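This report covers aromatic contacts, charges over rings, and the arrangement of a sheet with its helices.

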Amino acid sequence: MSKKIVALLPMKANSTRVKGKNFRDFCGKPLFRWILDSLLEVKEIDTVVINTDAREILAENGLIESDRVVIRDRKQEICGDEVSMNLVLADDIENVEADLYIMTHTTNPLLSAKTISKAISEFNNAEANETADSLFTVNKIQTRFYREDCSPVNHDPDNLLPTQDLEPWFEENSNLYLFTKSSFAKTRARIGAKPMMMESPAMESSDIDTPDDWDMAVVATQYFIEKGLIQSLEASDK
């Protein structure tokens with residue numbers, strides 16, 4: 001039997017650094033539509049669950065519930081900027097059954113369906129071999145780091161190795177998380193007790209948190225559109 005896979009896409013009305021970013025026009029369509037469209041393109045995903053305090057704003061932007069999209073009104077006690085995302089996820093997991101949960105953000109507009117499918121495949125293989133109980137995406141970084149006092153972290157300034165020969169470091173990029181109900185129960189978090197990392201493509205791994213992030217993501221999206229790697233809203237409507 002195939003697994004039931006549910007994608008969790010939390011979405012709040014307000015944001016701190018980029019006001020109303022989830023619903024702002026981003027290269028021709030609301031920001032949230034980019035990642036939602038990618039999730040719906042992944043055939044393995046049965047349902048996308050949107051936990052939100054903005055049902056009316058979603059409706060104004062043309063999104064209502066369908067056979068694959070479920071909108072859950074966020075409970076008042078887990079609303080607000082100071083609430084841990086793990087509490088929101090816990091509420092979804094308690095109320096929506098699945099064999100595998102995928103979690104991403106509206107702020108990851110360039111994450112492709114191909115990368116999401118790859119993550120599902122890699123996690124399924126790891127789970128079958130009992131080598132991992134969860135997966136998260138990372139950026140691989142090989143550069144020279146320093147502490148605030150200018151002392152080196154991962155290199156010797158007196159023995160300058162080429163950066164490609166430095167020990168790689170991996171940055172959690174907040175793009176994609178895969179986990180099960182049981183792995184979440186162990187840690188009460190989207191990263192379980194025995195996680196694995198997957199490097200996501202650098203050009204897809206934007207996470208919009210600041211105005212600068214927004215501008216850089218727009219530039220990357222326009223590049224993808226010009227190269228024909230993704231479609232603009234206008235092209236997809238033809």
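## Aromatic cluster and sheet

Phe-26, Trp-34 and Trp-214 are linked into a cluster by ring pairs. The model is predicted: local features need pLDDT of at least 70, side-chain atom pairs count only at pLDDT 80 or more, and totals for chains, interfaces and linings use all residues. Residues are numbered from 1 along each chain as its sequence is written, and side-chain values use heavy atoms, with hydrogens and water left out.

A pair of aromatic rings is described by the distance of the centres and the angle of the planes. Rings of Phe, Tyr and Trp (its six-membered ring) pair if their centres lie within 6.5 Å; planes under 30 degrees apart count as stacked, over 60 as edge-to-face and the rest as tilted. The structure holds seven aromatic pairs, including the two tabulated here.

| Pair | Centre to centre | Angle between planes | Type |
|---|---|---|---|
| Phe-26 and Trp-34 | 5.9 Å | 85° | edge-to-face |
| Phe-179 and Phe-184 | 5.8 Å | 35° | tilted |

Buried means under 20% relative accessible area, exposed over 50%, and partly exposed in between (1.4 Å probe, protein chains only). Phe-26 is buried at 0% relative accessibility, and Trp-34 is buried at 5%. Phe-179 and Phe-184 are both buried.

A charge sits over a ring if NZ of Lys or CZ of Arg is within 6 Å of the ring centre and within 35 degrees of the ring normal. Arg-24 places its charged end over the ring of Trp-214, 4.3 Å from the centre. Arg-190 lies over the face of Tyr-177, 4.0 Å from the ring centre.

Helices (H or I, at least four residues) and strands (E, at least two) are DSSP runs, numbered from the N terminus. Two strands pair if DSSP finds at least two bridges between them. Seven strands form an open sheet with mixed pairing, in the order E5-E4-E1-E6-E8-E7-E9. Strands E5 (69-73) and E9 (195-199) stand at the edges with a single partner strand each, so one side of each has no neighbour in the sheet. E1 (residues 5-8) and E4 (residues 47-52) pair in the parallel sense over three bridges, and Val-6 has Thr-47 in E4 as its bridge partner.

Helix H1 (residues 31-41) has eight of its 11 residues buried, so it is largely enclosed by the rest of the structure. Trp-34 is one of the buried residues of H1.
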